[in-house]
Amino acid sequence: MPNLPLKRAPKPRWLRRKLPTGGDYEAVRSMIRDGDLHTVCQEAKCPNQWECFSHRTATFLILGSKCTRDCRFCAVPHGPEALPDRDEPKRVADAAARMALTYVVVTSVTRDDLP
C-alpha cells in the first residue's frame, strides 16, 4: 500500500480574524513614527500591536531601539546604539498626553555601554 500524504483539516473560522485598523490605530502609529519614538510593540514585533494601538495603548521603549544584550527570550533587536536622546522623555510625555492616557508603561532597553 503506497504512503499517501495526509489531508489537513481546514483551520476553524474563529482562528483567523481581521487585524484591527482605523482611526485610533493610525493615530497611535503615526504619533509614534512622527514623534521618533520606540515601543516594545514594534521593536519586538508583537503580534498584538494592532489590537493595542487600536485601543490607544502602547508600551514605550526608551534609551533607543536596540539592546546591548542578546537574551534568547527577547525579540528586541541587539546591537550598538547611539547616545541616548535627551529629548526622548519629553516626546514620550507629549505622546502620552496627546493619547490622553491615564496609565503609561515605559520600559527601557539594557544599555551596558552606558555608565
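Which residues make up the largest nonpolar core? I began there.

I am working on a predicted model, where local features need pLDDT of at least 70, side-chain atom pairs count only at pLDDT 80 or more, and totals for chains, interfaces and linings use all residues. Numbering runs from 1 along each chain as its sequence is written, and side-chain values use heavy atoms, with hydrogens and water left out.

**Core.** I looked up the largest nonpolar core and found 12 residues: Tyr 25, Val 28, Met 31, Ile 32, Leu 37, Cys 41, Phe 53, Ala 58, Phe 60, Val 92, Ala 95 and Met 99. Such a core is a set of buried Ala, Val, Leu, Ile, Met, Phe, Trp, Tyr and Cys residues joined through side-chain atoms within 4.5 Å. Buried means under 20% relative accessible area, exposed over 50%, and partly exposed in between (1.4 Å probe, protein chains only). Helices α1 (23–34) and α4 (88–98) each supply at least two of the core residues. The most comes from α1, with four residues. Helices (H or I, at least four residues) and strands (E, at least two) are DSSP runs, numbered from the N terminus.

**Phe 53.** Leaving out residues up to four places away in sequence, Phe 53 touches Asp 24, Tyr 25, Val 28, Arg 29, Ile 32, Thr 39, Cys 41, Gln 42 and Ala 58.

**Helix α4.** Next I checked burial along α4. Glu 88, Val 92, Ala 95 and Ala 96 are buried. They lie on the same side of α4, because their arc around the axis is only 100 degrees. The arc is taken from the directions from the helix axis to the C-beta atoms. On the other side, Lys 90 and Ala 97 are exposed. The cover over the buried residues of α4 includes α1, β1 (38–39), β2 (59–62) and β3 (105–108). After α4 comes Ala 100, with a positive phi near 55 degrees.

**His 38.** I moved to strand β1, which holds His 38.

**Leu 83.** Is Leu 83 buried or exposed? Leu 83 counts as exposed, because its relative accessibility is 73%. I placed Leu 83 in the loop between β2 and α4. Beyond its neighbours within four places in sequence, Leu 83 is in contact with Arg 111 and Leu 114.

Technical notes
Contact means heavy atoms within 4.5 Å.
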